[in-house]
Amino acid sequence: MPRKHQPRHRTAGSSASVRAPRGVCNGEKRLECPVCDKQSAFRSQLETHLRTHTGEKPFECAVCQKKFNESGDLRKHVRIHTGEKPFVCTVCKKKFTESGSLRTHLRTHTGEKPFECTVCKSKFTESGSLRRHLRSHTGEKPFECIVCNKKFTLSGHLRVHLRAHTGEKPFECAVCRQKFNRSGHLRRHLRTHTGEKPFECTVCQKKFNESGNLRAHLRTHTGEKPFECTVCKKKFVQSGHLRRHLLTHSGETHRE
């Protein structure tokens, strides 16, 4: 039978194991975890810590039966079911289920960015944003497609990629019912119905419904021709122009 972990009671001159009253601070005396030597002044705190070693999760959600090793984690989880959002932003009145989410949100008002990249000094409002950014320096791609093994730096990019395998198109146009696998594709499509052209040339004020079309147009002003024929070295403003030109080398005739 596995040995039951008992908190050890450490003093300056003794390492003997003794029991301490629950939830009582012992002054200079510390309770020590028998597994990793973490110390605490309170027995209740150490008992909670021990569950990280034993895997015990005594707090169960009555709705979905998910289990937790701390009562506080269960309380936060239950708000998913109740919809309770007790933490309110004093600036814009937006509500949150967790105090940490409110603290992060408040930085959008204060402009505070406490998480700094040690490589390029970029700053972020959330630690998670910094972790994701660091992958641009390390090249780490922890999210792998189970179908084709392609790897991604962000979980969201993997989710979008998986739709190429499943054929899922969750974004539907409310006007014509055409479906798309990306929200950005739906946004661009909607402009064909609304006529919106949010991308404007700063030189001639011509407007476009896609940023890519604006970039291609700007080359008519700059003279840039980034697409080069590998056969005759002729250059073109647009990739489509290059593709049509390549047909002249293959012997095919482009049909207008």
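Reader: Which residues form the positive surface patch, and in which helix does Arg 187 lie?

Author: In this predicted model, Lys 141, Lys 150, Arg 182, Arg 187 and Arg 188 form a positive surface patch. One of these residues, Arg 187, has a relative accessible area of 51% and is therefore exposed, since exposed means over 50%. The helix that holds Arg 187 spans residues 183-194 and is H6.

Reader: How many salt bridges does the structure hold?

Author: Side chains of opposite charge can pair when their charged atoms come close. Glu 172, Arg 177 and Lys 179, for instance, are linked in a network of salt bridges. For the structure, the number of salt bridges is 15.

Reader: Is Arg 51, which forms a salt bridge with Glu 56, buried or exposed?

Author: The closest N and O atoms of Arg 51 and Glu 56 are 4.0 Å apart. Glu 56 has a relative accessible area of 43% and is partly exposed. Arg 51 has a relative accessibility of 15%, and because buried means under 20%, Arg 51 counts as buried.

Reader: What is the distance between the closest N and O atoms in the salt bridge of Glu 112 with Arg 107?

Author: Glu 112 counts as partly exposed at 43% relative accessibility, whereas Arg 107, at 15%, counts as buried. In the salt bridge that Glu 112 forms with Arg 107, the closest N and O atoms are apart by 3.8 Å.

Reader: Which side chain meets Lys 207 in a salt bridge?

Author: Lys 207 counts as partly exposed, with 44% relative accessibility. Its partner, at 39% relative accessibility, also counts as partly exposed, and the salt bridge, at 3.8 Å from N to O, joins Lys 207 to Glu 200.

Terms used
Residues are numbered from 1 along each chain as its sequence is written. This is a predicted model: local features need pLDDT of at least 70, side-chain atom pairs count only at pLDDT 80 or more; totals for chains, interfaces and linings use all residues. Side-chain values use heavy atoms; hydrogens and water are left out. Patches are made of residues with over 30% relative accessible area and no salt bridge: like charges are joined within 9 Å, nonpolar side chains (Val, Leu, Ile, Met, Phe, Trp, Tyr) within 5 Å. Accessible areas come from the Shrake-Rupley method with a 1.4 Å probe; for residues, only the protein chains shown count as cover. Lys and Arg count as positive and Asp and Glu as negative; His and the chain ends are not counted. The place of a charge is taken as NZ of Lys, CZ of Arg, CG of Asp or CD of Glu. Helices (H or I, at least four residues) and strands (E, at least two) are DSSP runs, numbered from the N terminus. Buried means under 20% relative accessible area, exposed over 50%, partly exposed in between (1.4 Å probe, protein chains only).
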